[in-house]
Amino acid sequence: MPHSPRPLIDALASETGREQAAQALANVIGAKHLLLLVKDPELGVLLPAPGMRKTHVAGPSWRTFLQRCLQEVRLEGSVELEGRDWHANACVESDCAFVLLCDTPSPFPHDLLESLPLLAAVLCAQQALGIGNATAADARDAAARAHQLATALDTARASAAELNRQLRLEHQQKDEFLAMLAHELRNPLAPIVTAIEVLKRTGAQDADCRDRQLAVMGRQMQQVTHLVDDLLDISRVSRGLIELRHEVLSIQEVVAAAVEASRPLIDSRRHNFRLACAVGDLHVSGDRVRLTQVFSNLLNNAAKYTDPGGDIVVHVDGTAGNVEVRVCDNGLGIPPEMLKAVFVLFTQVPGSLDRAPGGLGIGLTLVRTLIELHGGRVEARSEGVGRGSAFVVALPLVEGERPAAVGNEAPSGASSVAEILVVDDNVDAAETLAEVLRLMGARVSVAYDGAQALALGTRDPHPELVFLDIGLPGMDGYETAREWRRRFGSKARLFALTGYGSANDRRRSAQAGFDGHLVKPVTIELIETLLCKA
């Protein structure tokens, strides 16, 4: 232990090691602790000096003692600190307090008292420097945050500008789509309206004229149905409601079915068509209806965008674990920058509308989505405008034989069902369906709401088959079906008529008590099938 406290007093001037020097000095002068405190100019309270311990467990007497230090120069008293009582002896110099904590009163040594003015000046300067450094650090942090905020604001502005651009583009695409939809619907509706007017004027006397007009109406209604089906399909795609019914299929049979579906359009434009298939069946796992739809869409596009008398060739090959189908034509062609964009919804090749029967820009989006759902891929190829195009579909090859198919052709012939009830609030839809059923030999009653249908259900003879529209006013089709089952049990077979055909819609129909779920428009062939099975 040193004979003089001077070296330890000098050590108090250094922030580094100040806590240890204060404790050593306290030991030399017979105290337990020496505390150094500096008044904070903003808070107006005494805080531990730089380099001293920052926190203490203290009682109210210690806080009262510190408040006295702000008003008095020399003071003593009893304080509670770190869980015990001490005798505190303080000297205050230039907003700095030097406090000795002792078991019994201990005086300040003369050397320390002489050094207090200099030590106080050093402590205040160090505290001011610390505050300045902290302020500078805060300023730097604030500047960094401001820079980050400005960058984020610039990014937000850029994102907003891009969002506005996309919204303007989508708004433009919406307007173009609505104009295109109106155009595409007017195309088939115009000959239908004209054919109806012709039939009104000629009556039934001219059988040839009647047959021609009915054929026109039939073809044009198929076009309207195709447009509506595409719109419904793209809606299901956007909502993730497309569900596939997988089975092992011969790709040659699927392509042949697509060719048969597209043959009227191909023949009407006098195209030279050729189908080149690999020897031996190539099998894939997929949904027969959806894959037929894919290849029919591609064939229809080839027929539409190829000048009359052009060439269309379909190649079917097996390559490296895949089945590859290529639909090639020598028609309009695709600009290089559009090869990927043609699969984007509502996109059409520029200049195509004056060369071919337009479309809604939906078909290729459906093709890509359906093929990807089958685990395959599709790409467009073209050497440029006027040089034809090719669409290549690749699907995973399935090894092994396809299980025997179960015949599903719709039988023809008159109905064996005597009593049928048709329920639909659309009077024209109800009456025309009833007329078709009567022509098939059935006795038909018609109701236009659920209550009327339930009343007719009590008549004798009881209906054996009920076609029930879902969207009825008041008591809807689901509620009517449940009430029918409660009153009449299983005496009749109930079939839902609706414009929605998702798996969820079908489950809901089954839960309501329906025996089947029919999506409008229902074909005559399907109705004949139901009647013959009844």
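Biologist: Which residues of α6 do you call buried, and what makes them so?

Modeller: I251, Q252, V254, V255, A258, V259, S262 and I266. Buried means under 20% relative accessible area, with exposed over 50% and partly exposed in between, using a 1.4 Å probe and protein chains only. Bear in mind that this is a predicted model: local features need pLDDT of at least 70, side-chain atom pairs count only at pLDDT 80 or more, and totals for chains, interfaces and linings use all residues. Residues are numbered from 1 along each chain as its sequence is written, and side-chain values use heavy atoms, leaving out hydrogens and water.

Biologist: How do you know what span to expect for α6?

Modeller: The helix is a DSSP run (H or I, at least four residues; strands are E, at least two), numbered from the N terminus. The expected span is 1.5 Å times one less than the number of residues. For the 18 residues of α6, 251–268, that gives 26 Å, and the end C-alpha atoms are 26 Å apart, so the two agree.

Biologist: Where is the kink in α6, and how is the bend defined?

Modeller: At S262, shortly before the proline P264, with a kink of about 50°. The bend is the angle between axes fitted to the seven residues ending at a residue and the seven starting there. Just after α6, R270 takes a positive phi of about 55°.

Biologist: Why is the pair W62 and F65 called stacked?

Modeller: Rings of Phe, Tyr and Trp (its six-membered ring) pair if their centres lie within 6.5 Å; planes under 30 degrees apart count as stacked, over 60 as edge-to-face and the rest as tilted. By this rule there are three aromatic pairs. W62 and F65 are 6.2 Å centre to centre with 15° between the planes, hence stacked. Both lie in helix α3 (residues 60–69), three residues apart, and both are buried.

Biologist: Why do you say a charge sits over the ring of W86?

Modeller: The rule wants NZ of Lys or CZ of Arg within 6 Å of the ring centre and within 35 degrees of the ring normal. The charged end of R84 is 3.8 Å from the centre of the W86 ring, and sits over it.
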